[in-house]
Amino acid sequence: MSRKSTWKIALGVLLALAGVGAGSASAAPLKIGYSDWPGWVAWQVAIDKGWLKQAGLDVQFQWFDYGPSMDAFSAGKLDGDLVTNGDALVTGSGGGKGVMILLTDYSNGNDMIVGAPGIKSLKDLKGKQVGIEIGFVEHLLLLNGLKANGMSDKEIRLVNTPTNNTPQVLASGQVSAIGAWQPNSGMALRTVPGSRPIYTSAQAPGLIYDVLYVTPTSLAAHKVEYIKLAKVWDRVVHYINDPKTEGDAVNIMARRVGLTPAQYKPLLKGTHLIDIAEDQERFKKAPGLSSLYGSSEIANDFDVKNGVYKTPQNVDAYIDPSITDAVK
Amino acid sequence: MHREKWFQVLKPLSARSKLVLGLLSFVLPILIWSIVSYVPFVWHPQIRITDPGSVDYLQVEMRMDKAAFADEVSDALKAHRAPPRGVASNPIYLPAPDEVLRAFYVSFTMPPPTQDGAWLSQALWHSIQIIFWGFVISSIIGVPLGILCGTYGPVARLSEPFIEFFRYLPAPAFGALAVAILGIYDGPKITIIVIGTLFQQVLIIANTTRKLDASLVEAALTLGARNPQLLRRVVVPGVLPDLYRDQRILLGWAWTYLIVAELIGTSSGITWFITQQARYQHFANVYAAIMMIGIIGFGTDIVLAFLAKRFFPWDRSLEKMA
């Protein structure tokens, strides 16, 4: 008898510990993971200004490192996570199935291939080594750039390098270029004087979209809330883009990541924030980078070709335009 | 003559020389750090730009190698353009002691970055709680199990081979698994500390227990002590001072797992501060945070060592240590 009750207590404790985190209960707040990328830090404006509460929303934004945020999403501990469209497919292929319901931004220059001093274009990289995190967005950016320059990926050699370490790797002189996003790309430029961006996401706008990626169960249960959340996002984008309020917005965002507003502004410039009107356009099915569908197909091909996952994902199943369409 | 005085094998030092040497062990590294930081010709391999002159890609506060800087200056002079100016400096990853000291102060007095954020002291307190609970949970299991393993052969054979195996498994590798089971908050972080500490703890404490003076057990047996009594009255009190010392070492062990533990799930505690500052190369803040951990860990240990003298006044090995 006593042993039985001990088991019950142990089980109870386990369930309490495990159950609290699962955001499936309808009374619990929505939990959304966000990390250090300007298009996501932008949510801080809504959080600090109390716009979520004003809209009658109970949403908790949880600050993560990017990698762990995807782990938590895959484990079913978050309702939604802010990721790139390519990483949404990768997460989904690994069992963290979800739906992209809102575009926050696309990278418009923040992702860069940075050439060492003396390297002035992608063509100069012929036969040289490039430090890049293989299978991730910068790899995709590099391949896209090579294609645009009529080169093949056989003409360069890749050195697998964690994106966080790219500034030091470029400084070591052991590679001729690196691929990284901000702040790492900016750090590389500052660490290695004479280095310059030779290809950036501004030359391939829409190659890297950033999205709100939510679990299908949460989407089904909280459709109304997500529509409200999309409206709040629209407000955030206009607040940041309006020259009158931009300063206040940049202050909030810079504080979140521990930079001065002056240091933060260039990072924001390399990100094209997407309001709801533009969202609705980009959620229309079309080939090419101007549509989320077309861009995700390109990412899908890339992932399969590079062995990130084996079976191509059904991109249509990952995209749901109904939330942005419902915002008038 | 002097050499003989200093280097006598196993000869205890006087209280005064102990104090002086102890202080020197801190002063010397700081002295070296200061020399490297403040004496320009010692290292300073780079130039920190104060005025970019006519060189378009340079910015104020940018650092570049001396040779590259010299090239730019001579190029500019040849072309009759304004040369860049700068001062010799160390690489960005080696801030000077005063910068770190200032960062130490500033980071504590800086209000939280966002309305939902935490003061650094709160973040630090959060980290301390993670360590505390991780260590308590580990000890609740590890200390009794370790003593039992050390006392009874069958228990040891039944558990130690598996524990020996398990202790080689790297605790951080369980991160994603812990998140899947325990959620995104403190549960998985505490779990990592427990996994990192527990298995070493059982083995270390079992070994300590085995070192108990066999004559004590024999004497107790002669006096007619029975099994549970023997454990409670002889074994446990006999190993207690050593066990306490083991726990001190293990607590330090738990601290070393803090950073990996806190990287799991939501960003929190002192680790959030360190990773965020490192991402933007605010290395003075990073050093300050690392020092905070050092001060807290070392401070706790000094307190525990002091308490040991109160708890176990009969323990002679303490004199050798302190």
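These questions and answers cover a predicted model.

Residues are numbered from 1 along each chain as its sequence is written, while chains are lettered from A and ligands numbered from 1 in the order in which they are written. In this predicted model, local features need pLDDT of at least 70 and side-chain atom pairs count only at pLDDT 80 or more, whereas totals for chains, interfaces and linings use all residues.

Q: What is the mean pLDDT of chain A?
A: pLDDT is the predictor's confidence in each residue, from 0 to 100. In chain A, 92% of the residues reach 70 or more. The mean for chain A is 89.

Q: Over which residues of chain A is the pLDDT below 50?
A: Where pLDDT is low, the predicted coordinates should not be read in detail. The stretch in question has 20 contacts beyond near neighbours in sequence (C-beta atoms, placed from the backbone, within 7 Å). It covers residues 11-26.

Q: Why is one side of strand 7 and of strand 9 of chain A left without a neighbour in the sheet?
A: Strands are DSSP runs of E, at least two residues, and helices are runs of H or I, at least four, both numbered from the N terminus. Two strands pair if DSSP finds at least two bridges between them. In chain A, 5 strands form an open sheet in the order 7-6-8-5-9. Strands 7 and 9 stand at the edges, so each has a single partner strand.

Q: Which residue stands opposite Ile113(A)?
A: Strand 5 (residues 112-115) and strand 8 (residues 177-180) of chain A run antiparallel, joined by 4 bridges. The residue opposite Ile113(A) is in strand 8 and is Gly179(A).

Key. Contact = placed C-beta atoms within 7 Å.
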